Amino acid sequence: MFTMENTEGFDQKTLDKMNAEVKKTMSKHDTKSKDYKKLFEQVEDQIFDKYCSEVFRPSLKL
């Protein structure tokens, strides 16, 4: 779960979207699977990276 306490730079609306995306992706997987927790962490990492690249677009001033 993404929260204001474990992430920086995102507003609550964006965190809600990120969590919804994790939930949607994980709903396709069996919660009783032995690899569920590892997969959950991988999905969180992927979504975090995706939002970092979409939300924080660095700009160069030349």
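A salt bridge is a side-chain nitrogen of Lys or Arg within 4 Å of a carboxyl oxygen of Asp or Glu. Keep that in mind, as a search of this whole structure finds 1 salt bridge.

Before you start clicking, know that this is a predicted model, where local features need pLDDT of at least 70, side-chain atom pairs count only at pLDDT 80 or more, and totals for chains, interfaces and linings use all residues. Residues are numbered from 1 along each chain as its sequence is written, and side-chain values use heavy atoms, with hydrogens and water left out.

**Stop 1: the whole protein.** Of the 62 residues, 23% are buried (under 20% relative accessible area; exposed is over 50% and partly exposed in between, with a 1.4 Å probe and protein chains only).

**Stop 2: the salt bridge.** Select glutamate 21 and lysine 50, whose side chains meet at 2.8 Å, N to O. Glutamate 21 sits in helix α1 (residues 12-26) and lysine 50 in helix α2 (residues 36-55), so the pair ties together parts 29 residues apart in sequence. Glutamate 21 is partly exposed at 22% relative accessible area, and lysine 50 is also partly exposed, at 33%.

**Stop 3: phenylalanine 10.** Now select phenylalanine 10, in the segment before α1. Is this residue buried or exposed? With 5% relative accessibility, phenylalanine 10 is buried.

Terms used
Helix = DSSP H or I, 4+ residues; strand = E, 2+ residues; numbered from the N terminus.
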